[in-house]
Amino acid sequence: MHAIKSYPTIIPAQRGELSRLLTAAVVNQGFCNLLLTNPANALASGFHGETFRLAFEDKERILNIQAKTLAEFASQLPLPLTHPVGMD
């Protein structure tokens, strides 16, 4: 019998917002630095006049991330469900 694996799930709209957040950090070094050093300010200020519509839980997770690089930051974000729970 295989152990059932459970992954944090996010709905497509949340995945889109997390993707927008990471894209902003990739294309703009200033925003990336702000996200890594002061995520609360990065989320509050948005990017180029656009806000990030994140669920409360996602905001809390982001505010608790401690990372020196964007790759480290991204690795601590909630994982999208890429295959059914319990399937390998």
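**Entry 1: the aromatics**

I began with the rings, and I found that Phe31, Phe47 and Phe52 form one aromatic cluster. For pairing, I took rings of Phe, Tyr and Trp (its six-membered ring) with centres within 6.5 Å; planes under 30 degrees apart count as stacked, over 60 as edge-to-face and the rest as tilted. How many aromatic pairs does the structure hold? I noted two. In one of them, the ring centres of phenylalanine 31 and phenylalanine 52 are 5.8 Å apart and the planes lie at 40 degrees, so this pair is tilted. Phenylalanine 31 sits in helix α2 and phenylalanine 52 in the loop between α3 (39–45) and α4 (56–63), so the pair ties together parts 21 residues apart in sequence.

Phenylalanine 31 is buried at 5%, and phenylalanine 52 is buried at 8%.

**Entry 2: what I am looking at**

A reminder to myself: this is a predicted model, in which local features need pLDDT of at least 70 and side-chain atom pairs count only at pLDDT 80 or more, while totals for chains, interfaces and linings use all residues. Residues are numbered from 1 along each chain as its sequence is written, and side-chain values use heavy atoms, with hydrogens and water left out.

I counted five helices and zero strands in the chain; here helices (H or I, at least four residues) and strands (E, at least two) are DSSP runs, numbered from the N terminus. Buried residues make up 31% of the 88 residues.

**Entry 3: helix α2**

Next I looked up the buried residues of α2 (residues 29–37), and they are Phe31, Cys32, Leu35 and Leu36. Seen down the axis of α2, they fall within an arc of 135 degrees, so they line one face of the helix; the arc is that of the directions from the helix axis to the C-beta atoms. Asparagine 28 caps the N-terminal end of α2, with a side-chain oxygen 3.0 Å from the backbone nitrogen of glycine 30.

**Entry 4: a buried glutamate**

What does glutamate 17 touch, residues up to four places away in sequence not counted? I listed Thr51, Phe52, Arg53 and Leu54, with contact meaning heavy atoms within 4.5 Å. A polar atom of the glutamate 17 side chain lies 2.7 Å from the backbone nitrogen of arginine 53.

**Entry 5: the core**

**Entry 6: confidence**

Last, I checked pLDDT, the predictor's confidence in each residue, from 0 to 100. The chain has a mean of 80, and 72% of its residues reach 70 or more. Confidence is lowest in helix α1 (residues 12–27), at a mean of 82, and highest in α2, at 98. I flagged residues 4–13 and residues 81–88, where pLDDT stays under 50. Where pLDDT is low, the predicted coordinates should not be read in detail.

How values were computed: Buried < 20%, exposed > 50% of the residue type's maximum accessible area, 1.4 Å probe, protein only. Polar contact = N/O pair within 3.5 Å; in protein donor to acceptor, adjacent residues only side chain to side chain.
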